[in-house]
Amino acid sequence: MSNAKSLRCRECHREYPLAALHVCEFCFGPLEVAYDYDAIRRSVSRTTVANGPASLWRYRDFLPCDPDAAVDIGAGFTPLIHARNLGKALGLRRLYIKNDTVNPTWSFKDRVVAVASTRARELGFTRLACASTGNLANSVSAHAAAAAMEAVVFIPHDLEANKVLGSSVYGPTLVKVRGNYDAVNRLCAELAGAYGWAFVNVNVRPYYSEGSKTLGFEVAEQLGWRAPDHCVVPIASGSLFVKIRKGLDELAQAGLIDEPKTRMSGAQAAGCSPVATAWAEGSMNFRPQRPNTIAKSLAIGNPADGYYSLVQLRDTDGACASVTDDEIVAGMKLLAETEGVFAETAGGVTVASLRQLTAAGHIQPDELTVAFITGAGFKTVEPLEGALRPALEIDPTVESFQDAYRTLQPTEAVA
Amino acid sequence: MAVRRVRFTFPQELIKEPIIYLLGHEFRVVTNVRMADVDETTGWVVLELQGDAAEIDRSLAWAQARGVRIDPVIGDVLEG
């Protein structure tokens with residue numbers, strides 16, 4: 001049994017049944033799950049959560065599907081690391097990294113797809129579908145396999161081999177679409193309307209997006225049941241950014257933490273920065289962009305939650321950074337070299353944005369700040385080619401090693 | 001009869017042009033504005049278009065050729 005009671009339009013607040021619907025028929029506003037918060041308050045406590053599984057399903061009371069029938073491949077409850085070295089490099093004394101690279105398919109998308117696939121199966125769907133350039137496709141393929149559902153995954157025809165493999169290993173029907181980003185996007189929007197399948201980020205999007213709340217739940221629990229002072233979150237569609245804060249608000253509503261005063265700041269790549277651009281211009285209207293960035297997992301030029309992201313930036317006294325491709329690569333390296341976390345390009349965007357926002361005075365050195373690292377680095381190795389320290393190549397002799405090592409550290413005495 | 005929901009985004013130089021009126025005259029397509037926000041520098045309109053599917057496609061190609069950006073109402077479907 002779930003505590004969800006209806007779908008509700010975020011614009012006009014009309015209510016709809018808990019079906020596979022995503023847009024209000026009257027105003028075209030997006031639909032969101034509404035809950036019976038009295039029931040949640042009655043059933044949940046810090047103890048019930050602590051006694052739950054070490055996965056996102058420990059927050060079952062806050063999710064819109066029956067947890068006893070969960071499609072569970074172990075998503076969630078990822079480490080929160082006190083990033084002392086990175087904090088020192090950036091001038092932040094209380095910096096934490098939420099390391100979502102360690103999810104089953106190595107990105108935070110496992111959270112949203114876990115919820116979407118569970119709800120889709122409950123609603124009677126037998127096919128799970130998506131259009132993706134990487135992480136989402138991997139996660140949909142894996143969850144469909146575990147749920148014994150058919151996966152139909154649409155990808156651009158020129159996707160890198162590793163990303164294709166990360167989906168195809170799970171045995172989905174993989175469809176390569178010839179055409180540019182806009183053409184693929186348009187076709188998939190049309191297909192989502194034409195086929196009665198569960199397109200995870202289209203017709204079951206209200207359920208799908210709820211999975212992102214679990215990042216907010218986990219961070220609060222891992223901090224000892226308190227909200228952070230400041231969150232820095234990469235913005236693609238904007239859903240993750242908005243839902244992390246919703247998670248914190250719901251914990252307060254359930255009486256598990258004090259009312260959050262968390263400032264929410266966003267991170268975007270300069271090559272796809274509709275939200276950061278609007279924010280810099282002081283506008284609440286973003287203009288869609290054509291993405292051109294190495295941070296492909298953030299390359300959403302027309303973000304579904306772009307407007308709500310701008311509202312949240314304004315309402316929480318946040319700020320939004322945009323960083324260049326070179327800064328992204330430097331951010332990936334800095335995170336790896338200081339904290340031992342190898343993140344994909346989106347993680348580089350977050351770290352580079354942390355640096356930018358701190359330098360500009362938007363993040364204070366003593367704020368308890370959490371940066372969200374959403375995907376693993378092995379998915380996007382191409383931007384690092386030529387940017388890393390080369391290996392020493394030696395003959396199998398001690399002398400050869402000493403010669404090579406001495407060239408790296410000429411002042412250090414070598415035995 | 002097909003129904004298509006789209007979002008038009010107008011660049012500044014097209015703000016004063018009666019694009020939607022002209023589209024309704026040039027093509028056998030019924031235009032229904034459902035949401036909009038237009039100011040002096042930019043603007044977007046969410047439209048419901050009703051007509052023959054091929055005629056809707058032609059009307060969208062015409063608007064695009066005039067400089068209007070056309071997106072699905074639900075935002076980008078292709079995710080990372």
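User: How many helices and strands are there in chain B, and what makes a stretch count as one?

Analyst: Chain B has two helices and five strands. Helices (H or I, at least four residues) and strands (E, at least two) are DSSP runs, numbered from the N terminus. In chain B the elements follow the order β-α-β-β-α-β-β from the N terminus on. The model is predicted: local features need pLDDT of at least 70, side-chain atom pairs count only at pLDDT 80 or more, and totals for chains, interfaces and linings use all residues. Residues are numbered from 1 along each chain as its sequence is written, with chains lettered from A and ligands numbered from 1 in the order in which they are written.

User: What radius of gyration does chain B have, and what would a compact globule have?

Analyst: The radius of gyration is taken over C-alpha atoms, and the globule rule is 2.2 Å times the number of residues to the power 0.38. A compact globule with 80 residues would have a value near 12 Å; chain B has 12 Å, so the two agree. The C-alpha trace of chain B spans about 35 × 35 × 20 Å along its principal axes.

User: Why is chain A called as compact as a globular protein of its length?

Analyst: Chain A comes to 15 helices and 13 strands. Its radius of gyration is 22 Å, close to the 22 Å from the globule rule for 415 residues, so chain A is as compact as a globular protein of that length. Along the principal axes, the C-alpha trace of chain A spans about 75 × 50 × 45 Å.

User: How many residues of each chain are in contact, and what makes two residues count as such?

Analyst: Two residues are in contact if their C-beta atoms, placed from the backbone, lie within 7 Å. By that criterion, 18 residues of chain B touch 33 residues of chain A. On the chain B side, the elements giving two or more residues are strand S1 (2–10), strand S2 (29–38), strand S4 (69–72) and strand S5 (78–79). That side of chain B has seven nonpolar, four polar and seven charged residues. In this classification Ala, Val, Leu, Ile, Met, Phe, Trp, Tyr, Cys and Pro count as nonpolar, Asp, Glu, Lys and Arg as charged, and the others, Gly among them, as polar.

User: What makes strand S6 of chain A and S5(B) a pair?

Analyst: Two strands pair if DSSP finds at least two bridges between them. Strand S6 (residues 127–132) of chain A and S5(B) have two bridges, in the parallel sense. A:Ser132 has B:Glu79 as its bridge partner in S5(B).

User: Which strands of chain A does S1(A) pair with, and over how many bridges?

Analyst: Strand S1 (residues 4–9) of chain A pairs with strand S3 (residues 31–35) of chain A in the antiparallel sense over five bridges. Within that pairing, A:Ser6 is bridged to A:Ala34 of S3(A). S1(A) is also joined by two bridges to strand S2 (residues 15–16) of chain A, again running antiparallel. There A:Leu7 is partnered by A:Tyr16 in S2(A). S1(A) and S2(A) form a hairpin with five residues between them, and A:His13 in the turn has a positive phi of about 65°.

User: Why are S4 and S12 of chain A called edge strands?

Analyst: Six strands of chain A form an open sheet with mixed pairing, in the order S4-S5-S13-S10-S11-S12. Strand S4 (80–82) and strand S12 (320–323) each pair on one side only. Inside the sheet, strand S5 (residues 95–99) and strand S13 (residues 369–373) of chain A run parallel and are joined by five bridges. A:Asn99 stands opposite A:Ile373 in S13(A).

User: Why are H4(A) and H5(A) called oblique?

Analyst: Axes are lines fitted to C-alpha atoms, for helices over the stretch in contact, and angles run from 0 to 180 degrees between N-to-C directions. Angles under 35 degrees count as roughly parallel, over 145 as roughly antiparallel, 65 to 115 as roughly perpendicular and the rest as oblique. Helix H4 (residues 109–122) and helix H5 (residues 135–146) of chain A pack at about 40°, with their axes 9 Å apart. H4(A) and H5(A) are therefore oblique to each other.

User: What about H10(A) and H12(A)?

Analyst: Helix H10 (residues 239–253) and helix H12 (residues 306–315) of chain A pack at an angle of about 50°, with their axes 8 Å apart. That makes H10(A) oblique to H12(A) as well. Their contact is made by A:Phe241, A:Val242 and A:Arg245 of H10(A) and A:Tyr308, A:Ser309 and A:Gln312 of H12(A).
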